Amino acid sequence: MHFDSMDIAELKAELERLHSASFGWALNCCRRDRSEAEEVLQTVYLKILEGKAHYRGESSLKTWLFAVIRKTAATEYRRRFLRSLRMTANPEDAPEQIATSENPVSSLEKSEVQAQFQIAMKGLPKRQREAG
């Protein structure tokens with residue numbers, strides 16, 4: 001069954017048929033956090049119904065759906081993790097950082113580069129560190 005050959009009613013029927021198994025998989029992907037699993041599954045259904053996730057028939061619908069759930073759960077986990085890092089790093093600046101941050105991944109990359117720079121600086125002799 002290929003997504004292009006399915007109408008929206010067939011797709012919804014298939015998603016409903018797979019819902020119990022899909023929720024179990026989402027729960028597993030979300031470290032047994034029920035509310036997070038519900039959010040992930042809702043996001044997945046929206047992606048599918050809005051056409052942001054496309055089933056091409058290269059595997060079974062269930063296999064494809066489970067891959068979309070796994071990827072969505074991983075993305076949501078990263079977002080939550082980065083948000084918590086920002087909140088704990090500077091709690092007084094957190095609302096401003098959230099409002100101005102366009103790409104949390106680039107923020108994480110910048111902080112990793114800064115951390116690597118600090119480690120490299122510590123490895124230099126004292127005289128060279130002072131010159132910088």
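A crossing of two helices is left-handed if the near helix is turned anticlockwise from the far one by less than a right angle, and right-handed if clockwise. In the predicted model described here, α2 passes α3 in a right-handed crossing. Contact between the two helices (heavy atoms within 4.5 Å) is made by His19, Ser22, Phe23, Ala26 and Leu27 of α2 and by Arg34, Ala37, Glu38, Leu41 and Tyr45 of α3.

Two packed helices are described by the angle between their axes and the distance between the axes. The axes are lines fitted to C-alpha atoms, for helices over the stretch in contact, and angles run from 0 to 180 degrees between N-to-C directions. For α2 and α3 the angle is about 125 degrees, and the axes lie 8 Å apart. α2 is therefore oblique to α3. Angles under 35 degrees count as roughly parallel, over 145 as roughly antiparallel, 65 to 115 as roughly perpendicular and the rest as oblique.

Residues are numbered from 1 along each chain as its sequence is written. Because the model is predicted, local features need pLDDT of at least 70 and side-chain atom pairs count only at pLDDT 80 or more, while totals for chains, interfaces and linings use all residues; side-chain values use heavy atoms, with hydrogens and water left out.

The protein chain holds seven helices and zero strands. Helices (H or I, at least four residues) and strands (E, at least two) are DSSP runs, numbered from the N terminus. The pattern along the sequence is α-α-α-α-α-α-α. Mean pLDDT (the predictor's confidence in each residue, from 0 to 100) is 79 for the protein chain, and 63% of its residues reach 70 or more. Among the elements, helix α2 (residues 19-29) has the highest mean, 97. Helix α5 (residues 94-100) has the lowest, 50.

The protein chain has 132 residues, and 25% of them are buried. Buried means under 20% relative accessible area, exposed over 50%, and partly exposed in between (1.4 Å probe, protein chains only). Of the contacts with a separation of 6 or more, 53% join residues 24 or more positions apart.

The largest nonpolar core has 23 residues. Such a core is a set of buried Ala, Val, Leu, Ile, Met, Phe, Trp, Tyr and Cys residues joined through side-chain atoms within 4.5 Å. Val44, Ile48, Trp64, Leu65 and Ile69 have the most contacts inside this core. Two or more residues come from each of α1 (8-17), α2, α3 (34-49) and α4 (61-89). The largest share, seven residues, comes from α4.

Trp64 touches Ile48, Ala53, His54, Tyr55 and Ser59, not counting residues up to four places away in sequence. Ala53 is found in the loop between α3 and α4. This alanine, Ala53, counts as buried because its relative accessibility is 9%. Leaving aside neighbours within four places, Ala53 is in contact with Lys47, Ile48, Trp64 and Val68. Ala53 and Trp64 are 11 residues apart in sequence and 9.7 Å apart in space, C-alpha to C-alpha.

Most residues other than glycine have a negative phi. Arg31, in the loop between α2 and α3, has a positive phi of about 55 degrees. Arg32 lies in the loop between α2 and α3 and has a positive phi of about 65 degrees. Arg31 is partly exposed, with a relative accessible area of 43%. Arg32, at 58% relative accessibility, counts as exposed.
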